[in-house]
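Please keep the structure open beside the text and find each residue as it is named.

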Amino acid sequence: MKTALFAALAAVTLTPAASAQTATTPAPATAAAKFNLDTPIQDIVADAKAKAALDADIPGLTTHESYDMFKGMNLRQLGAAAPDKLTADVLAKAEKGLAAVK
């Protein structure tokens with residue numbers, strides 16, 4: 001098992017160097033969204049525009065009685081804990097709203 005793991009790790013480690021030499025043009029850099037579903041909720045709330053977007057897309061989240069217990073989580077983690085409340089559609093809407101924050 002360890003031998004297979006080391007062989008796979010070596011293949012992954014060596015492959016990028018070989019492909020980097022053959023690449024002719026670098027991939028264009030894209031600006032990542034400042035806030036997303038992986039951003040801790042407390043970090044989103046610390047930014048006024050991001051908090052407004054979050055409050056618009058998921059009303060009541062930032063005023064929830066258990067906010068202090070989950071504020072260190074991100075929306076993906078919270079969605080896994082409460083899939084009936086934070087459905088895929090709700091999270092997609094929040095992700096779009098957060099991505100628009102500049």
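1. Helices (H or I, at least four residues) and strands (E, at least two) are DSSP runs, numbered from the N terminus.

2. Some words on the basis of this note are needed. This is a predicted model, in which local features need pLDDT of at least 70 and side-chain atom pairs count only at pLDDT 80 or more, while totals for chains, interfaces and linings use all residues. Residues are numbered from 1 along each chain as its sequence is written, and side-chain values use heavy atoms, with hydrogens and water left out.

3. As a whole, the protein chain has six helices and zero strands, and buried residues make up 26% of its 102 residues. Its accessible surface comes to about 7200 Å², of which 63% belongs to carbon and sulfur atoms; such areas come from the Shrake-Rupley method with a 1.4 Å probe, and for residues, only the protein chains shown count as cover. Among contacts (heavy atoms within 4.5 Å) between residues at least 6 apart in sequence, 58% join residues at least 24 apart.

4. Returning to α3, its buried residues are A50, A53, L54 and D57. They cover an arc of only 100° around the axis, which puts them on the same side of α3; the arc is that of the directions from the helix axis to the C-beta atoms. These buried residues pack against α2, α5 and α6. At the start of α3, a side-chain oxygen of D47 reaches to within 3.1 Å of the backbone nitrogen of K49.

5. In α6, L91, A94, G97 and L98 are buried, and because they fall within an arc of 125° when seen down the axis, they line one face of the helix. The face turned away from that buried side carries the exposed residues A88, D89 and K96, whereas the cover over the buried residues of α6 includes α2, α3 and α5. The length of α6 can also be checked: its 12 residues should span 16 Å at 1.5 Å a residue, and its end C-alpha atoms are 16 Å apart, which agrees. The expected span is 1.5 Å times one less than the number of residues.

6. Which residues touch the most other members of the largest nonpolar core? They are I41, I44, L54, I58, L61 and L75, out of 18 residues in that core. At least two core residues come from each of α2 (41-45), α3 (48-57), α4 (67-70), α5 (75-81) and α6 (88-99). A nonpolar core is a set of buried Ala, Val, Leu, Ile, Met, Phe, Trp, Tyr and Cys residues joined through side-chain atoms within 4.5 Å. In soluble globular proteins, nonpolar side chains tend to be buried together. When residues up to four places away in sequence are not counted, L61 touches L54, Y67, F70, L75 and L78.

7. T39 is found in the loop between α1 and α2 and counts as buried at 11% relative accessibility. A polar atom of the T39 side chain lies 3.0 Å from the backbone nitrogen of N36. Leaving aside neighbours within four places in sequence, T39 is in contact with K34, I44, M73, N74 and L75.

8. M73, in the loop between α4 and α5, is partly exposed, with a relative accessible area of 25%. The C-alpha atoms of M73 and D38 are 35 residues apart along the chain and are separated by 8.5 Å.

Technical notes:
Buried < 20%, exposed > 50% of the residue type's maximum accessible area, 1.4 Å probe, protein only. Polar contact = N/O pair within 3.5 Å; in protein donor to acceptor, adjacent residues only side chain to side chain.
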